[in-house]
Amino acid sequence: MNGVAQKLAGTTKGPGDTPHEFIFISTDPENILKHGEYVWYAIEKNAKTQKVIARITERADAHGYPDTFLSDPLIAPQDIAAIMGYPREQSNIYEISAAIMGYFDMDVGAFINPWIPPLPGSPVYFADSAMLAEALSRKKQNDIGSAWIGDLLTRDPGDAPIIIDMTEITSSHIAVIASTGSGKSYLAGVLIEELMRPYNRASVLIIDPHGEYSTLQELTDLQEFRAGADSQRTAYQPEVRIFKPAEVKVRLSTLEIGDLRYLLPDMTEKQQYLLEKGFKKMTADPRLKKKWTGKDLIQSIAENSGGDNERDDTSTVGALEWKIAARFVDNTMTFDPVDHLDLRDIFKPGQCSVLPLHELDDRNQQVVAATLLRRAFRARERAVQKKEPTDGDQNLDYPIFILIEEAHHFAPANADVISLRILKQILAEGRKFGMGIGLISQRPGKLDADVLSQCQTQCIMRIVNEMDQNAVAASVESVGHELLRNLPALSKGQVIISGAAVNTPVLCRVRRRITKHGGASIDAPRNWVESFSARTAAEQRRNEAISAPPPNSMGIYRKRPTP
Amino acid sequence: MTLNNFAGAYGNPVGVIVKSDSHIRYWAQIYNENETIAPVDPQEYAFGRYVRVEYPNIAQPRHLIGVIYDSMLLNPSFGALGPRLAADDSQRAIFSPDYLSERAVLIGIIAIGSMEYLANGEPASGSRGKEQGAPSFAVEAGAKVYPLTESEIYAFHFYEDSSETAPALHISYLSQMLSAPFSLLPQAALRILDQLEPMFPGYQRHLKIIRRNILWKQSIEPAR
């Protein structure tokens, strides 16, 4: 951190409102001491000079003009002050509050708060970009496990890159929270790009309910994502596999009784009882256990109803049969006795798989996600615990990362959704089994609070809705309230990154994507104009076409005589 | 009140310093009819007028510049409640003339700076020849007090060598007047703005804002 000319920012006035704040005074002639900017002061610690970094939280005019001086827009208050004997060039004096982050301890790899504010009168320095780049980011650019997300918002692009720690993200999860149109899918695209760069070669699955990640396909051809072989690693070119909606299948035998109950809603107690009984009997049969069909289930229910006390279950069984047939026999698009997505097809190091779910209804989307998450979790669990698979799935011998778009749809607050339970389990235990989850949501208020708080890294973009702001404030402990106050003011592409993957919460400008962005809003007026022109042109052509003469009495069309 | 009302005997003193309360607050006694050939016109020592006071012992011809912010009457017969020989001033002139000669008008002057003068009696030009605010030197008892002419007032406030962006009008002493604990000083400040406004037409908007600021503090804030 040494070797760069130290730039004085101001002089300490004294402690601030809270124990970790202090106030300094500056004339800020270059106008660089912005909100969110970084400064430092020196302390002596163990016979060493440590640079304690602090972030500017408030900036107030220490010499404010009386309101009357501001009453004439044509007259600068500085001029009036100058007439009254106050030198114009000394007009601006700012009282700046800064929150102490601490000095960065290389050994600990974290900021250590010294609990000593700077002494009144001591100098405060402007933190240079090189110092910040080193202190704020966990990793160096292009290191294994690094992800260059963007640059420090208060600095020029490229001056202070923010490199987040992918190791943390893939083990302790990440949440991307933002209002619609604030760039969350763009940021997710940047994250995926970083995961697919040669220094990460990740195994990624994107659960994409809107089918907007297809542009990632182009990254296989881009030079930025390729690497030649060297002494340590083989040559690399990422793969992107975008599954077709028809390929998204769930093998019936991977469903559990809970999934069935969820897929067959509004069942009576009796129906549930008979379903459970029939299901249990059917899966106890080794012949059917791994390969049952909807008809097998119906048959098993029919065979196991009635029984000992001679009660008449015919109508209940009939209703149940009808429900099962409607979901699993007639509708074979999603559920299949044999076919399903092979985990080894979806998850491969250096492959980004996209699972488009936009052709499925809500419940099917949730069940597809739940079964897949459950299978992947078990495959990782077995691989780590070195157990053999028993359910027909192969183990996954490498960590995996799953990015879930519209996460509030799979883990909603105040609703019992089948995918919520497995998601909670993965978020709680995924670290042990090398399974990372990325949640993307535009409605944090509608996202389960436990799920949100389990994501140890948060990327929070502009949020205007007050309910969503409160949800973020309640579940995201690592971001200070003063940073969260910026939420409505953030522009598109500006993000607060906090939590495990960065050394301290930072305001970051998301970098440009290498691949094209697929989630951009549709330009409706332009589309209307183009469609309208196309329609009127077609109508005009139709109107101008020479009408064919009617058929004769025999019903035969005559050939129009050539003029 | 306009400046034209001040047209009087240029160069004639109106009184002498008799006392000071501090480095910047002086009392001057206005000449009575026995001390001057022509009686002093009350316009020349009106409230809010600029005055200059000579520094007799300073080599460089320099005057203290002040503003009249207060006045006081001295009357030795005040409180003498016993029987008198004379009933009015015409009789007093015969029976007890000292009663009349000991009456006096005192004016309170607040010092707001100093200004150099050339040998021809004109104020020196340029900002170096003047200082605004508390003056460096005190005047002595007996120093003569002169009313300031329009051109002297202009010279005192006009800093011709100011930079292009900075205003050439300087009223640096205004805050000193407004912060002193005398209720009449803001009133005097308003009077001096009356005099400066026609002199500096380019700064009328600025002066209007300053006036508004004083007026607000004077009239509205006490009522809140």
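**Two chains, one predicted model**

Let's start with one pair of residues. Leu205(A) has Ile402(A) as its bridge partner in S16(A). Keep in mind that this is a predicted model.

Now widen the view to the two strands. Strand S11 of chain A covers residues 203-208, and strand S16 of chain A covers residues 400-404. They pair in the parallel sense, over four bridges. As background, strands of a sheet pair through backbone hydrogen bonds, either parallel or antiparallel.

Where do these strands sit? Both belong to an open sheet of eleven strands in chain A. The order is S9-S8-S20-S19-S18-S10-S17-S16-S11-S15-S12, and the pairing is mixed. Which are the edge strands? They are S9 (161-165) and S12 (239-242) of chain A, and each pairs on one side only. From one strand to the next, the twist averages 25°.

Next, the domains of chain A. Domain 1 runs over 7-136. Domain 2 comes in pieces: 146-213, 346-361 and 385-510. Domain 3 takes 252-335. How far apart are the C-alpha centres of domain 1 and domain 3 of chain A? The answer is 69 Å.

On to the cores. Here is the general idea. In soluble globular proteins, nonpolar side chains tend to be buried together. In this model, the largest nonpolar core has 138 residues. Seven of its members touch the most others: Ile164(A), Ile192(A), Ile206(A), Ala376(A), Ile460(A), Ile497(A) and Cys508(A). Which helix gives the most to this core? Helix H11 of chain A, residues 362-385, does, with nine residues.

Take Ala376(A) as an example. Leaving aside residues up to four places away in sequence, Ala376(A) touches Leu343(A), Phe347(A), Leu396(A), Ile400(A) and Met435(A). There is also a second, separate core, of 52 residues. Among its members are Leu64(B), Ala155(B), Ile171(B) and Ala188(B).

That brings us to chain B. Chain B has six helices and seven strands. Along the sequence, the pattern reads β-β-β-β-α-α-β-β-β-α-α-α-α. The C-alpha trace of chain B spans about 70 × 50 × 30 Å along its principal axes. Of the 224 residues in chain B, 31% are buried. Now consider contacts in chain B with a separation of 6 or more: 66% of them join residues 24 or more positions apart.

Look at helix H3 of chain B, residues 150-157. Its buried residues are Glu152(B), Ile153(B), Ala155(B), Phe156(B) and His157(B). What do they pack against? Four strands of chain B are on the list: S3 (50-54), S4 (62-74), S5 (104-116) and S6 (130-132). Helix H5 (184-199) of chain B is there too.

How do the chains meet? 14 residues of chain A are in contact with 16 residues of chain B. On the chain A side, eight are nonpolar, three polar and three charged.

Most residues other than glycine have a negative phi, and most peptide bonds are trans. Ala47(A) is not a glycine, yet its phi is positive, about 60°. Ala47(A) lies in the loop between strand S3 (38-45) and strand S4 (48-61) of chain A. Buried or exposed, then, for Ala47(A)? Exposed, because 5 other C-beta atoms lie within 10 Å, and the cut-off for exposed is 12 or fewer.

Trp115(A) also has a positive phi, near 60°. Its place is the loop between strand S6 (110-112) and strand S7 (123-126) of chain A. Trp115(A) counts as exposed because it has 9 C-beta neighbours inside 10 Å.

Conventions:
Residues numbered from 1 in each chain as written. Chains lettered and ligands numbered in written order. Predicted model: local features only at pLDDT ≥ 70, side-chain atom pairs only at ≥ 80, totals over all residues. Contact = placed C-beta atoms within 7 Å. Nonpolar A, V, L, I, M, F, W, Y, C, P; charged D, E, K, R; others polar. Pairing = 2+ DSSP bridges. Axes fitted to C-alpha atoms, helices over the stretch in contact; angles between N-to-C directions. Domains from an automatic or database assignment. Buried ≥ 20, exposed ≤ 12 C-beta atoms within 10 Å, placed from the backbone. Core = buried A, V, L, I, M, F, W, Y, C linked by C-beta atoms within 7 Å.
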